[in-house]
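Thanks for coming. Please have a look at it first.

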Amino acid sequence: MTLRPPNESDVEAAYGWDKDPELAAWNGRSPISISLSAARRDYLSRWEDRSVKTFIIEAEGESIGMATLYGFRQNGCELGIKIGPKTLRGRGFASEAVDLLVEYAFGALNLKLVRGSTLAHNHRMQRVFEKCGFVEVGDGTLFSRYDNRRYTELFYERRRDA
Ligand SMILES: CC(C)(COP(=O)(O)OP(=O)(O)OC[C@H]1O[C@@H](n2cnc3c(N)ncnc32)[C@H](O)[C@@H]1OP(=O)(O)O)[C@@H](O)C(=O)NCCC(=O)NCCS
């Protein structure tokens, strides 16, 4: 498994993931409905934006997902991740990617804290946070744009000095 910055050749994969209703539901949003060319402009400008760090997750010679570090504030940031193909979930790729991202955030970026959140029914993501040394620090209510319903979300964090 490796992490690398995204480039133009990743646009179609990113678009496919953002159109996938299952992935959208796990993120509490609706699948994107804009055209591929409009999405291309959005992705390319987001991937240039230095306040968000996006990574393509590669395994077995393929781009299998995406991870993002964003919301940089008070010596910390947030982490988001998805593995696109269903058949590649549950094989340890996200745990490995989260470990690398935390190492990068604490090392190269010199941050003290990485935050994460997930829906209370996303047991897989909770397991990833736990395996990667995050602790649950609270909960909240998320209004999902996927189905306009309220869900409980859980907040996690990993501190460098913990
Ligand atoms: C959540 C997600 C990123 C995890 O990635 P992954 O590569 O599948 O995760 P890993 O294989 O590293 O670890 C998953 C862990 O959850 C466990 N798990 C799988 N299904 C589970 C379930 N239904 N209940 C509890 N644990 C479960 C696995 O056994 C594994 O733990 P283990 O190593 O102790 O056995 C990925 O499944 C995904 O992209 N899902 C859809 C999008 C999403 O939910 N993104 C996160 C939004 S916050």
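Two strands count as paired if DSSP finds at least two bridges between them. The strands themselves, like the helices, are DSSP runs numbered from the N terminus: at least two residues of E for a strand, at least four of H or I for a helix.

Some housekeeping. This is a predicted model, where local features need pLDDT of at least 70 and side-chain atom pairs count only at pLDDT 80 or more, while totals for chains, interfaces and linings use all residues. Residues are numbered from 1 along each chain as its sequence is written, and side-chain values use heavy atoms, leaving out hydrogens and water.

Now the sheet. In what order do its seven strands run? The order is S1-S2-S3-S4-S5-S7-S6, in an open sheet with mixed pairing. At the edges are strand S1 (2-4) and strand S6 (135-144), each of which pairs on one side only. From one strand to the next, the twist averages 30°; axes here are lines fitted to C-alpha atoms, for helices over the stretch in contact, and angles run from 0 to 180 degrees between N-to-C directions.

Take S4 next. Seven of its eight residues are buried, buried being under 20% relative accessible area, exposed over 50%, and partly exposed in between, with a 1.4 Å probe and protein chains only. Strand S3 (residues 62-73) pairs with S4 in the antiparallel sense over seven bridges, and Ala67 has Ile81 in S4 as its bridge partner. S4 and S5 pair in the parallel sense, over three bridges. Moving along, S5 (residues 113-119) pairs with S7 (residues 149-159) in the antiparallel sense over seven bridges; there, Leu113 has Arg159 in S7 as its partner. Helix H5 (residues 123-131) lies across S4 (76-83), S5 and S7, and runs at about 160° to S5.

A word on the turns. Most residues other than glycine have a negative phi. S3 and S4 form a hairpin with two residues between them, and Gln74 in the turn has a positive phi of about 45°. Asn75, in the loop between S3 and S4, has a positive phi of about 60°. Glu60 sits in the loop between S2 and S3, with a positive phi of about 50°. Is Glu60 buried or exposed? Glu60 is exposed, because its relative accessible area is 56%. Ile57, in strand S2 (residues 53-59), is buried, with a relative accessible area of 0%.

Last, the ligand. Which of the 22 residues around the ligand come nearest? They are Ile83, Gly90, Gly92, Ser95 and Lys131, where near means a heavy atom within 4 Å. Polar backbone atoms lie at 2.7 Å from a ligand oxygen for Ile83 and at 3.1 Å for Arg91. For Gly92, a backbone N or O atom is 2.6 Å from an oxygen atom of the ligand. The protein covers 74% of the 950 Å² of accessible area that the ligand has on its own, by the Shrake-Rupley method with a 1.4 Å probe; for residues, only the protein chains shown count as cover.

Technical notes
Contact means heavy atoms within 4.5 Å. A polar contact is a pair of N or O atoms within 3.5 Å; within protein, one must be able to donate a hydrogen and the other to accept it, and residues adjacent in sequence count only if both atoms are side-chain atoms.
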